[in-house]
Amino acid sequence: MSRCLSRIGCSFKRSLIPRHNRFQISLTLRSTRRITDRSFRLANVGDLAVAQEFKDNVPPEHFVTFHHTSDIVERDLEKQVVIDLSHEQGYKRGHISGALNLPLEKFDFCRLVDTIGGITQDEIYGVFRDMGVGNDTSEIILYDNSGLLACRLWFVLRYFGFQNVRILNGGWRAWLRAGLPVDEKTTVPTPAKSLDLKPKRDHIVTKPSQMMFDHEHETSQIIDTRRSDAFQTYHIPRAINVPVKSLMQDGEFATVKDIHDLLADKGVNTEDRNTIIYSSKGLTSSVGYFCFTMAGLDAVSVYDQGIYNWVSNTENKLPQDVEDQLRR
């Protein structure tokens with residue numbers, strides 16, 4: 001089986017608490033209000049400080065690619081931090097002016113969170129403080145080519161207590177389509193003087209033992225964000241397939257209404273059911289988490305160790321074709 005299977009174990013040392021207790025507050029709140037629209041978590045090209053001087057020269061449809069259906073809080077553009085997630089050579093070939101580069105080679109945010117060999121709070125604190133993210137930072141805007149890396153880092157930052165983090169809708173392609181200047185000069189950050197993190201949101205990650213409990217007792221609905229062919233080859237029993245391309249394509253996200261319509265068609269309960277999202281390597285499940293919560297779902301978490309961990313904990317031997325599919 002793959003390297004992921006061998007290095008990820010399932011621990012049953014902690015006591016298992018029914019998941020509904022973990023989301024009791026959020027579910028109580030949901031019973032007294034309508035679903036929240038959080039499309040403010042997406043940024044348009046026109047939300048970037050560096051784009052303001054070109055506003056009159058850019059066609060409106062390229063300046064604003066995503067029409068927010070929620071209120072946007074005004075933020076200090078001078079204290080905005082924009083982060084490009086391209087690999088180093090791609091960043092040097094061109095990026096948004098003033099954007100900082102955070103490639104996976106420097107900080108592998110695709111690793112698991114809070115596990116052996118995974119991302120720790122001290123590590124992420126050091127990385128972002130060195131990048132100039134501090135208490136006076138008004139917001140962080142992430143972008144890449146496909147949206148996958150941006151969603152993954154957004155999820156990791158949310159887990160570790162960061163606030164005011166947005167994703168550039170359309171990513172690097174949206175900037176190019178707007179015809180805005182391409183910078184090749186490396187931006188060197190000035191480390192922040194102070195950075196105080198909020199408590200970890202550990203309830204947004206489902207550990208293997210909790211996953212086994214929830215599946216056995218049917219206390220959560222399970223969402224698989226992998227491609228339909230991968231889902232058909234093998235998936236966790238009872239899972240509903242919501243392929244990532246139905247939520248985001250080329251870094252452009254579906255609207256809140258479109259997400260709700262999609263989930264209704266799929267038979268996903270968006271009102272009063274706990275939801276666990278999984279994929280293979282944590283990328284598409286992070287997109288799912290971003291989109292589901294943007295559309296107002298609260299009781300959502302990610303089974304970060306994913307399908308590989310499920311197989312290692314539940315299956316003795318898989319058919320070769322299924323094993324080959326999971327290795328892709």
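Which residues of α7 are buried? Keep that question in mind as you read these notes on a predicted model.

1. The buried residues of α7 are Leu149, Ala150, Cys151, Arg152, Leu153, Trp154, Phe155, Val156, Leu157 and Tyr159. That makes 10 of the 12 residues in this helix, so α7 is largely enclosed by the rest of the structure.

2. What lies over those buried residues? The cover includes the helices α6 (121-130) and α12 (283-294), together with the strands β4 (139-143), β5 (165-168), β9 (252-253) and β11 (300-302).

3. Just after the helix, Gly161 has a positive phi of about 90 degrees.

4. Now turn to helix α9, residues 208-217. Because 8 of its 10 residues are buried, α9 is also largely enclosed by the rest of the structure. The buried ones are Pro208, Ser209, Gln210, Met211, Met212, Phe213, Asp214 and His215. After the helix comes Glu218, whose phi is positive too, near 55 degrees.

5. Next, the charged pairs: the structure holds 12 salt bridges. In one of them, the side chains of Glu139 and Arg75 meet at 3.0 Å, N to O. Glu139 sits in strand β4 and Arg75 in the loop between α4 (60-63) and β2 (80-84), so the pair ties together parts that are 64 residues apart in sequence. With a relative accessibility of 2%, Glu139 counts as buried, whereas Arg75, at 21%, counts as partly exposed. Both belong to a network of salt bridges that links Asp47, Arg75, Glu139 and Arg166.

6. Another salt bridge joins Lys200 and Asp114, with their closest N and O atoms 2.5 Å apart. This pair also links distant parts of the chain: Lys200 is in the loop between α8 (171-177) and α9, while Asp114 is in the loop between β3 (100-101) and α6, 86 residues apart. Lys200 is partly exposed at 34% relative accessibility, and Asp114 is partly exposed at 28%.

7. Finally, have a look at Asp229 and Arg227, which form a salt bridge with closest N and O atoms 3.0 Å apart. Asp229 is partly exposed, at 34% relative accessible area, and Arg227 counts as partly exposed at 48%.

Conventions
Residues numbered from 1 in each chain as written. Predicted model: local features only at pLDDT ≥ 70, side-chain atom pairs only at ≥ 80, totals over all residues. Heavy atoms only, no water. Buried < 20%, exposed > 50% of the residue type's maximum accessible area, 1.4 Å probe, protein only. Helix = DSSP H or I, 4+ residues; strand = E, 2+ residues; numbered from the N terminus. Contact = heavy atoms within 4.5 Å. Salt bridge = Lys/Arg side-chain N within 4 Å of Asp/Glu carboxyl O.
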